[in-house]
Amino acid sequence: MIDTWLLASACLALLMLGAIFRVVRTKSRNDRFLSALVAVTVGSAAALALSISQGTLLFLDIAIALSLVCFALLIAAARFTGGAAA
């Protein structure tokens, strides 16, 4: 029997890899920031699906902590490179 949540997690992980590929391949700074945000968001959704599939909150806790750190770093990088007018 196929576990639906595990399949959803695998599909979301593939989408996250596509977003990471976009971060590496694009030339525009704004595209890199946007695709990094998409990669973090989709990766968090994949961790949520994996957490439901495995029945443990460990994956979800790790995903929340990494998401907070990544979003904070992206905001700092955007401000440092002149992406936001403060």
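**Notebook: how the helices sit together**

I began with a pair of helices in this predicted model. Helix 2, residues 29-54, packs against helix 3, residues 58-80, at an angle of about 175 degrees, and their axes lie 9 Å apart. Angles over 145 degrees count as roughly antiparallel, so helix 2 and helix 3 get that description.

Next I asked myself: which residues in helix 2 meet helix 3? I listed the helix 2 side as Phe 33, Ala 36, Leu 37, Val 40, Thr 41, Ser 44, Ala 47, Leu 48, Leu 50, Ser 51 and Gln 54. On the helix 3 side I wrote down Phe 59, Leu 60, Ala 63, Ser 67, Cys 70, Phe 71, Leu 74, Ala 77 and Ala 78. I then sorted this contact by class: 15 residues are nonpolar, five are polar and none is charged.

Then I stepped back to the protein chain. How many helices and strands does the chain have? I found three helices and zero strands, and along the sequence the pattern reads α-α-α.

The C-alpha trace spans about 50 × 25 × 15 Å along its principal axes.

Of the 86 residues in the protein chain, 22% are buried. The accessible surface comes to about 6100 Å², and carbon and sulfur atoms account for 74% of that surface.

My last entry is on contacts along the sequence. I took the contacts between residues at least 6 apart in sequence, and 58% of them join residues at least 24 apart.

Terms used
Residues numbered from 1 in each chain as written. Predicted model: local features only at pLDDT ≥ 70, side-chain atom pairs only at ≥ 80, totals over all residues. Heavy atoms only, no water. Axes fitted to C-alpha atoms, helices over the stretch in contact; angles between N-to-C directions. Helix = DSSP H or I, 4+ residues; strand = E, 2+ residues; numbered from the N terminus. Parallel < 35°, antiparallel > 145°, perpendicular 65-115°, else oblique. Contact = heavy atoms within 4.5 Å. Nonpolar A, V, L, I, M, F, W, Y, C, P; charged D, E, K, R; others polar. Buried < 20%, exposed > 50% of the residue type's maximum accessible area, 1.4 Å probe, protein only. Areas by Shrake-Rupley, 256 points an atom, 1.4 Å probe, with all protein chains shown as cover.
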